[in-house]
Structure formats: C-alpha cells, structure tokens
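Trainee: Could we go through this model together, one question at a time?
Mentor: Gladly, let's have a look.

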Amino acid sequence: MAESKRDEMERILKLQRSVFTANRPEEMSKRVDRINRALTLLKTHAEEFAKVMAADFGSRSIQQSILTDIAATVSVGQYSLKNMSKWTKSEKRKVQFPLGLLGAKAEVRYEPKGVVGILSPWNFPVNLAFSPLMQIFAAGNRAMIKPSEFTERTSLLMAELVTEYFTPDELAVVTGGPEVAAEFSSLPFDHLVFTGSTPTGRRVMEAASANLVPVTLELGGKSPVFMGRSADLTRAGERIALGKMMNAGQICLSPDYMIVPEDMEDEAIAGVSNAASAMYPTVLHNDDYASIVSDRHFDRLQEVVADARDKGAEVIEVNPANEDFSNTNARKMPLTILRNVEDGMLAMQEELFGPVLPVKTYRNIDEAIDYVNANDRPLGLYYFGEDKAEQEQVLTRTISGGVTVNDVIFHISMDDLPFGGVGPSGMGSYHGVEGFREFSHARSVYHQPKIDIAKLGGFKPPYGKATDKALAGLLK
Ligand code: NAD
C-alpha cells in the first residue's frame with residue numbers, strides 16, 4: 001500500500017531527528033557545507049527556477065525572478081556564512097556578587113533546536129523557502145519544506161533538486177495542497193516557520209500549539225505609506241510605483257495604501273501614476289510585469305475594485321497604452337488607484353496583495369498616525385519626507401514590523417536587519433543575528449564552584465539566624 005503523506009512526513013521527521021541527535025556535536029564545517037550546497041543549487045539552477053516561476057504565474061519576468069528569488073536568497077546565505085562563526089560563539093554572562101569570586105561561571109550556548117519545518121507561500125516561492133533555510137542551517141538544524149501548491153512547477157523542481165543536493169536526513173521537500181499543509185503544521189517539529197496570510201497563520205499556530213512547537217510567523221497586513229509635506233512627490237512616486245508594481249503588488253511588504261496631505265493629493269497621485277507609466281508603457285503583453293498568480297486572487301482584486309467603485313470611490317486605472325483588459329485570460333491587472341476611499345470598503349479592510357493603491361488624505365499628521373494606530377499593526381511602514389521631527393513623530397507613535405524611510409520595502413534587503421512582523425503581521429524574525437537566534441536554543445549553562453553556596457548563603461535547612469540575616473540583606 002502506498003505510504004500516506006502523513007506517514008511520509010512523520011518518517012522524514014523521525015529520520016532527521018534521529019540523525020541529528022546521533023551526530024551531535026556536529027562540526028561547523030557541516031553547517032557551512034549545507035549552506036554552500038544550498039547556494040550552489042540556487043546559482044546553478046537560477047534560470048530553470050525563473051522559467052518555472054514564469055510558467056506558474058503565467059507571466060513573471062526572468063530578471064525579476066533571478067533578482068528577488070535567487071540573488072536575494074544567495075545574499076542571505078553568504079551573509080550567514082560570513083557571520084556564523086561569530087553568532088555561534090558561546091557568551092559569558094555575569095554571576096551575582098560574590099559568586100564570581102568563589103569560582104562560579106555562567107554562559108549562554110546557542111545550540112541547534114533540531115528539525116525545523118518551513119511552510120512557504122507562492123509569491124516568492126524560492127526565496128521564502130530558502131532564505132529562512134540558510135539561517136536554519138547556520139544554526140545547525142535540519143529542515144523540511146512544504147512549498148506552496150499555487151506555484152506547483154516551482155515546488156516540484158525544488159523537490160527534485162533538493163534530493164540531488166541533500167540527503168533526506170538533512171533537507172526534504174514535501175509537496176501537496178492545504179490538507180498536506182495542515183498536516184505538516186501539526187507535526188512535532190522543534191520549530192516551525194510559516195510565511196503566509198494572517199488567517200492561515202492563526203491556524204498554523206493553533207496546530208503547532210498541540211505539540212508546543214515554537215513558531216515564527218511571517219504574515220502580512222496593510223503596510224501604509226505616510227507622505228509628509230516635505231516629500232519630493234516625483235521621487236516618492238517613482239519609488240512607490242516600483243514597490244507597488246513589482247511582482248504585480250504580490251509582496252508582503254508592498255505599500256498597501258498611501259496617506260497624503262489633502263492639498264497634495266493630486267500631485268502625489270500624479271507622481272505614482274507617471275512613474276508607473278514610464279516603467280510599464282504597456283501592461284498586457286509586457287514581460288516585465290507579472291500576472292496575478294491565480295484566477296481566485298484575480299477575481300478577489302476585481303471585487304475589491306468593484307466594491308470601492310460601488311461605494312463611491314474614484315477608480316483611476318493607469319493604462320498608458322489604452323489596452324483592453326476585458327477579453328484576456330492573462331490575469332494582468334494595471335495599477336489601479338482608488339480615491340475617496342472609506343473604511344467600509346473592502347479595499348480598506350483587507351491586505352490588497354495586488355496592484356491596487358487606495359489613497360487616503362489627512363489635514364494634520366496626527367490624523368494619519370491615529371488612523372494607522374486604530375488598525376492592525378502592519379508588517380511594513382513607510383515615511384516620505386525630509387522633516388526629521390515629523391519622521392520621528394511617525395516612527396515613535398506607530399508600531400510596525402519594520403520601516404523604510406524615503407522608500408518602500410527596502411529594509412528587508414538589509415541582511416543585517418531582522419525581518420518580521422508584530423501582532424497580526426507576525427511574530428519572530430529572521431535575517432540578522434536575530435534570525436540565527438530564532439532558530440537556535442539559547443541554552444543557559446551555570447557552573448557551580450566547589451564551595452557549598454547554599455550553606456554559605458544561609459539557604460540550607462534547618463533555617464535559622466543565618467537565613468534571616470541573608471533574607472534581610474536581600475530585601476534591604
Ligand atoms: P496562504 O496563507 O494562503 O498560504 C501559505 C501556505 O500555507 C501555503 O503553502 C498553503 O499550502 C499553506 N496552508 C494553507 N492552509 C493551511 C492550513 N490550514 N494550515 C497550514 N498551512 C496551510 O498565503 P498565500 O496566499 O500563499 O500568501 C499570501 C500571504 O502571505 C499574504 O498575506 C502575504 O502578506 C503573506 N506573506 C508574508 C510574507 C512575510 O515574510 N511576512 C512574505 C510573503 C507573503
């Protein structure tokens with residue numbers, strides 16, 4: 001009888017954990033070798049991956065894929081190789097006076113957790129599986145990946161290549177749909193990283209809780225763009241358009257909506273729309289511009305726009321070549337700017353995850369800050385402007401996973417900065433030393449001196465005068 005997916009996953013997990021346990025302590029060179037093999041896999045098969053991603057999306061630029069899914073991931077791997085000997089050093093910690101004088105010692109050792117599960121989404125299907133993997137390996141773990149069913153060809157290629165470069169006790173890929181994903185999230189891993197939507201993140205955490213598996217949740221949200229009065233609207237427009245239209249807006253950190261001074265709205269919209277037209281003079285048959293990944297997501301975006309229009313928003317389609325989008329099944333959608341939006345519209349309720357850009361206005365920056373604070377804490381937050389006091393006001397009065405000032409998205413590309421959300425946009429992070437620590441167990445080790453500390457301190461029964469004296473000292 002064929003093995004069920006559940007049995008297959010349990011078998012791999014058991015194998016990985018037993019080999020992990022048997023091989024401890026493992027030399028650092030093994031970790032380095034695994035990262036190097038992951039890097040070779042990515043670099044050798046970059047074109048192949050880009051081609052299958054294009055096929056999965058319908059249209060996705062080969063160059064963009066190599067940039068976002070291969071080069072960006074390679075960067076995390078190289079950064080890990082460069083820093084891991086520093087990260088893995090155990091740290092001396094202080095012991096309370098006078099224990100140090102008596103020979104006590106304390107240290108923290110960063111040890112591998114064991115087997116880490118990775119559940120990854122379709123929007124950057126290679127990057128969001130392999131970037132966490134680099135730091136999972138750096139920390140000395142083994143891993144199992146369940147990539148997205150929406151980018152099936154990419155997932156199959158990943159599964160095939162992983163068997164070529166890794167033994168199943170080091171790294172394995174399990175493919176399948178949401179049922180397999182749900183089973184995967186219920187396995188007793190030593191850690192689980194999930195990247196995807198907030199609703200699915202909730203289910204993942206619930207499933208993981210049955211085994212008390214610690215989770216890193218990389219989720220989404222409505223990342224706002226604050227346009228300050230001092231912003232250069234042309235430059236801001238170029239940067240927002242680039243960030244909003246890359247991967248057709250299907251980026252967790254994509255600028256979700258703009259919030260602009262009331263009297264600068266026209267100019268701010270013109271800045272974005274002119275930049276979009278310059279980068280994508282045509283949309284429909286333009287290979288630089290990605291398709292929406294599936295009919296379901298495409299229909300959802302059409303519904304968001306129709307709902308906004310029905311409820312009174314002005315809909316501005318940035319369609320410089322006047323192309324007819326009505327009779328195509330290419331799932332291409334032009335940048336669609338929404339004006340006069342209200343909270344009752346779907347566009348202001350859910351993460352857009354596509355090329356739709358609502359614009360809200362404010363009279364006073366406090367109004368904009370209050371609006372953002374009244375909603376879920378976002379993954380990213382962007383401020384454009386040269387007014388440092390206002391910038392600090394926005395930063396110190398809001399909360400978000402991360403921030404880019406005078407651009408969008410870029411903070412994720414800084415390898416040395418932790419990347420993650422807060423509240424509904426996620427928990428935990430990777431990249432930076434924080435990523436290494438996320439996948440490590442900070443193990444406290446205390447060395448007791450020969451001398452009987454308990455007796456010396458008066459804490460050994462029978463309790464008496466010495467104890468009272470010691471307690472009085474402690475409570476002084
Ligand atoms: P999704 O939540 O629909 O699916 C992600 C993964 O979860 C898929 O592999 C799927 O198989 C799996 N899954 C589905 N049902 C499951 C269940 N019941 N239990 C466990 N796993 C299940 O997300 P998506 O549509 O693939 O991706 C889009 C979302 O991901 C957006 O919200 C976006 O913001 C977010 N995202 C976040 C980051 C980040 O790093 N923070 C990066 C990319 C995308």
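Trainee: How many helices and strands does the protein chain have?
Mentor: This is a predicted model, where local features need pLDDT of at least 70 and side-chain atom pairs count only at pLDDT 80 or more, while totals for chains, interfaces and linings use all residues. Residues are numbered from 1 along each chain as its sequence is written, and side-chain values use heavy atoms, with hydrogens and water left out. Helices (H or I, at least four residues) and strands (E, at least two) are DSSP runs, numbered from the N terminus. By that count, the protein chain has 16 helices and 16 strands.

Trainee: What percentage of the residues in the protein chain is buried?
Mentor: Buried means under 20% relative accessible area, exposed over 50% and partly exposed in between, with a 1.4 Å probe and protein chains only. The C-alpha atoms fill a box of roughly 85 × 65 × 35 Å along the principal axes. Of the 476 residues in the chain, the buried share is 54%.

Trainee: Which residues come nearest to the ligand?
Mentor: A residue is near a molecule if one of its heavy atoms lies within 4 Å of it. There are 28 residues around the ligand, and those that come nearest are Glu149, Ser197, Thr200, Leu219 and Glu351.

Trainee: How much of the ligand's own exposed area does the protein bury?
Mentor: Let's begin with the atom pairs: ligand oxygen atoms lie 2.9 Å from a side-chain N or O atom of Trp122 and 2.7 Å from one of Ser197. Arg203 has a polar side-chain atom 3.2 Å from a ligand nitrogen. Taken alone, the ligand exposes 850 Å² (Shrake-Rupley method, 1.4 Å probe). The protein buries 92% of that.

Trainee: Is Glu351 buried or partly exposed?
Mentor: Glu351 sits in the loop between strand E11 (335-339) and strand E12 (356-362). Contact means heavy atoms within 4.5 Å, and beyond four places in sequence Glu351 is in contact with residues including Gly220, Gly221 and Arg300. One polar atom of the Glu351 side chain lies 3.2 Å from the backbone nitrogen of Gly221. Because its relative accessibility is 22%, Glu351 counts as partly exposed.

Trainee: Which residue's side chain makes a polar contact of 3.5 Å with that of Ser59?
Mentor: Ser59 belongs to the loop between helix H3 (46-57) and helix H4 (62-87), and its 11% relative accessibility is why Ser59 counts as buried. Setting aside neighbours within four places in sequence, the contacts of Ser59 include Asn286, Asp287 and Tyr289. A polar contact is a pair of N or O atoms within 3.5 Å; within protein, one must be able to donate a hydrogen and the other to accept it, and residues adjacent in sequence count only if both atoms are side-chain atoms. The partner in the 3.5 Å polar contact with Ser59 is Lys332.
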